[in-house]
Amino acid sequence: MKRDYPNQNHTLFPGSSSSTPPLLPDLTGKSKMWDEFNEQDTGVDELLAVLGYKVKSSDMVDVAQKIEHLEGVLSNDDGLSQMASDSVHQNPSDLSSWLESMICELNPVVQVQLPGSGSIAGSLVGTSTSPGSAGVDDLQAIPGDAIYPPTKKQKSLSEDNGNKTYSPNPIVIIDSQENGIRLVHTLMACAEAVQQDDMKRAETLVKQAGYLAVSQAGAMRKVATYFAEALARRIYRLYPKSPQDAPAFRDLLQMHFYETCPYLKFAHFTANQAILEAFAGKKKVHVIDFSMKQGMQWPALMQALALRPGGPPTFRLTGIGPPSGDNTDHLQEVGWKLAQLADTIHVEFQYRGFLAESLSDLEPAMLELREDEVVAVNSVFEMHELLARPGAVEKVLSAVKEMKPEILTVVEQEANHNGPVFLERFTESLHYYSTLFDSLESSGGGGSVESGGVAAASNQDKIMSEVYLGKQICNVVACEGTDRVERHETLAQWKTRFDSAGFQPVHLGSNAYKQASMLLALFAGGDGYRVEENDGCLMLGWHTRPLITTSAWKLR
């Protein structure tokens, strides 16, 4: 019997040729499963604001240059010592204007502009990744005194009728591009020193990298600061504390990342599309989710099932996640919210939350599999963590085979951060996360919300998304052994693993590719995002760099 349902808030792409309803995540605002943050972006740098200085983020480069200029004048000219002792030093809130007035009083400025500003990703172009190519010689080969003022003081006093008069030397302000190149070389040199266990040299270089990072702006300053911090943690053995990695906090950060940019939305959409097609015509379906977290992936699939011709199937969901650490059953709370949605859209729904410290602890018998159900297994950004423990991936894939799924959907970062050589791993991660931070700078709405565009990401979302990625950087660079869980691998490497375990790829199809491309057009900076089809898998990247990959598999 065909049922009539009330009109659901479900977006369909016009002209879709798929036999199953296409999916779209909620793009017009915050997810209804958590509270909104309404912080307004004032544009003032948060760190300096705490110290009482009102400096816009866009003015950081200018302020850093003025400070460097002023330091050069004060440190290189003996004739200013009396002036400095007689000056009244204040704590002005308008730091940029105060510096400008001091410089004008002390010295004329000759401005020299170098072409372009660029990002770390741009500065990395042409940078060699071979050991020895990022050493101290490279730093010395870059001209200028952009890092420290000259150590040799210039005589600037002349005698005039027995009286000393001050003759100022012009100071040249260098564009931040040169400092950006120096910054990249310094980070690479520091990583090389760490690999060679030359901690004294590494300590000097990481301090220099932190100094140079301050002179940058935007994505370059942020990503360089996170890499410098990660190197410092490794050098001084200040490894991240486990309470910082509490599941609830990780989930919170990931929710902000979901709101800021399209990567997780793309992951959920493409995986759901593959699952929906595998469930076509089935009466009882069961999804086993290895990455349940806050359940953000499943409302869109449930709505698509509700709209299916002939009525929705019975939908059973098993959500797997780690214990919360605060004695709350967060998985059960997510299940209640999903159950309320299912009741609203008239989908027969069953749910079970399953706590597990690691996916390798799972046994198929624990999941109450039923003969009359069609099973789909889903994993988003989970498989790579298993690589920290030898044999764990093979054990999990063996358990999945026993579940006999119709389809296995996997989303992973498209990067190789699991190599044995630290310098190579550092270089690869510097490229990867620089590109991610560049894309975050362009995050926001591609059009008005009324016309179907995406509302601009809030300042709160962007900051928390940067923390989310910064924690990954810290794990890749600072940690080793079983503590290093961010062991991303490329699609080619995963294909080898799945093939060895007895799985074969499922082609995601051109329809999913077209719909994913239309999804990205709704985001600001959409011209920078690229969807690429690679041997039946879908990749999402920023400009020419693939960043995440969705693949689907079935038993051979």
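This is a predicted model: local features need pLDDT of at least 70, side-chain atom pairs count only at pLDDT 80 or more; totals for chains, interfaces and linings use all residues.
**Entry 1**

How far apart are the ring centres of F257 and Y263, and at what angle do their planes lie? I found the centres 6.1 Å apart and the planes at 10°.

**Entry 2. Aromatic pairs elsewhere**

I searched the whole structure and recorded 13 aromatic pairs. I noted that ring pairs join F257 and Y263 with Y468, Y529 and W542 in a cluster.

I next examined F422 and F426, which also form an aromatic pair. Their centres are 6.1 Å apart, but the angle between the planes is 40°, and the pair is tilted. Both residues belong to helix α15, which spans residues 422–441. They are four residues apart there, about one turn of the helix. I checked the exposure of each: F422 is buried at 7% relative accessible area, and F426 is buried at 1%.

**Entry 3. Charges over rings**

Which residue lies over the face of Y258? I found K265 there, 4.2 Å from the ring centre. For W494, I recorded the charged end of R497 over the ring, at 5.9 Å from its centre.

**Entry 4. Helices α9 and α15**

I returned to α15 and looked up its crossing with helix α9, which covers residues 218–236. The two axes come within 9 Å and cross at roughly 150°.

I then listed the residues that make the contact. On α9 they include G218, A219, V223, Y226 and F227. On α15 they include F422 and F426, the two residues of the tilted pair. Also among the α15 residues in this contact are R425, L430, Y433, F437 and E441.

**Entry 5. Confidence of the model**

The mean for the protein is 78, and 65% of the residues reach 70 or more.

Where does pLDDT stay under 50? I noted residues 1–19, for which the model has 32 contacts beyond four places in sequence. I also noted residues 126–174, for which the model has 95 such contacts.

Definitions and conventions
Residues are numbered from 1 along each chain as its sequence is written. Side-chain values use heavy atoms; hydrogens and water are left out. pLDDT is the predictor's confidence in each residue, from 0 to 100. Contact means heavy atoms within 4.5 Å. Rings of Phe, Tyr and Trp (its six-membered ring) pair if their centres lie within 6.5 Å; planes under 30 degrees apart count as stacked, over 60 as edge-to-face and the rest as tilted. Helices (H or I, at least four residues) and strands (E, at least two) are DSSP runs, numbered from the N terminus. Buried means under 20% relative accessible area, exposed over 50%, partly exposed in between (1.4 Å probe, protein chains only). A charge sits over a ring if NZ of Lys or CZ of Arg is within 6 Å of the ring centre and within 35 degrees of the ring normal. Axes are lines fitted to C-alpha atoms, for helices over the stretch in contact, and angles run from 0 to 180 degrees between N-to-C directions.
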